[in-house]
Amino acid sequence: MDQHSESNGGVRTGVAHYVVEAAVAGLLLLLGIIVAISSWELGAGWTSDGPGSGYFPFYIGLVICISGAGTLFQALFGKEKNTEIFVDGEQLKRILQVLIPAAIYVGAIQLIGIYVASAIYIALFMIFLGKFAPWKAIVAALSVNTLFFMMFEVWFKVPLYKGAVNLLSFLGY
């Protein structure tokens, strides 16, 4: 990958590959440690009637720790560190424009339920990122979620989570 941005002719700056690899490896190592410790607390040993409830997860956690530590070491101290830019500022901005609203959406599901949160998410996504007219976005969001509500709640009788504050309680579901 070249070091020059085509849009502004300047030098392309951003986060290098090896930094991202090290960060992901560190998170993987942390996950492995959490799994191993939690499994040990459950009982990772061999009991009189066979393996304890944490036996297999403990060893899986150890494998995750070993792979995370190896990847972290290689990313930071390896001979062939990849110093090319992984993501530049403009690319990161586009990623965050999708990632942050998605994280808020997941949190909103806990509060107002999947149907209402999805309608709001779809409408706002269409308006701000898709540049659709607000009335079109609202019609699309309500149509999609009405269809899903009918399909799951009415036809298949599979209730989906309505949230801590059930804004659809007036429908009797």
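Reader: What makes the place of D88 part of a strand?

Author: D88 lies in strand β4, residues 85–88. A strand here is a DSSP run of E with at least two residues, a helix is a run of H or I with at least four, and both are numbered from the N terminus. This is a predicted model, in which local features need pLDDT of at least 70, side-chain atom pairs count only at pLDDT 80 or more, and totals for chains, interfaces and linings use all residues. Residues are numbered from 1 along each chain as its sequence is written, and side-chain values use heavy atoms, with hydrogens and water left out.

Reader: Why does D88 count as buried?

Author: Buried means under 20% relative accessible area, exposed means over 50%, and partly exposed is in between, with a 1.4 Å probe and protein chains only. D88 has 15% relative accessibility, so D88 counts as buried.

Reader: Which residues does D88 touch, not counting those up to four places away in sequence?

Author: They are R12, T13 and G14. Contact means heavy atoms within 4.5 Å.

Reader: What does the side chain of D88 reach?

Author: The side chain of D88 reaches the backbone nitrogen of Q91 at 2.9 Å. A polar contact is a pair of N or O atoms within 3.5 Å; within protein, one must be able to donate a hydrogen and the other to accept it, and residues adjacent in sequence count only if both atoms are side-chain atoms.

Reader: Why is S39 called buried?

Author: S39 has 4% relative accessibility, and therefore counts as buried. S39 sits in helix α1, residues 17–43. The side chain of S39 reaches the backbone nitrogen of F58 at 3.4 Å. Leaving out residues up to four places away in sequence, S39 touches A44, G54, P57 and F58.

Reader: How many residues does helix α4 have, and what span is expected?

Author: Helix α4, residues 134–155, has 22 residues. The expected span is 1.5 Å times one less than the number of residues.

Reader: Which residues of α4 are buried?

Author: In α4, A137, A141, N145, F149 and E153 are buried. An α-helix has 3.6 residues a turn, so residues three or four places apart point the same way. The buried residues of α4 pack against α3, residues 89–128.

Reader: What makes up the largest nonpolar core?

Author: A nonpolar core is a set of buried Ala, Val, Leu, Ile, Met, Phe, Trp, Tyr and Cys residues joined through side-chain atoms within 4.5 Å. The largest has 8 residues: Y105, I109, I112, Y115, V116, A117, F149 and L168. Helix α3 gives the most to this core, with 6 residues.
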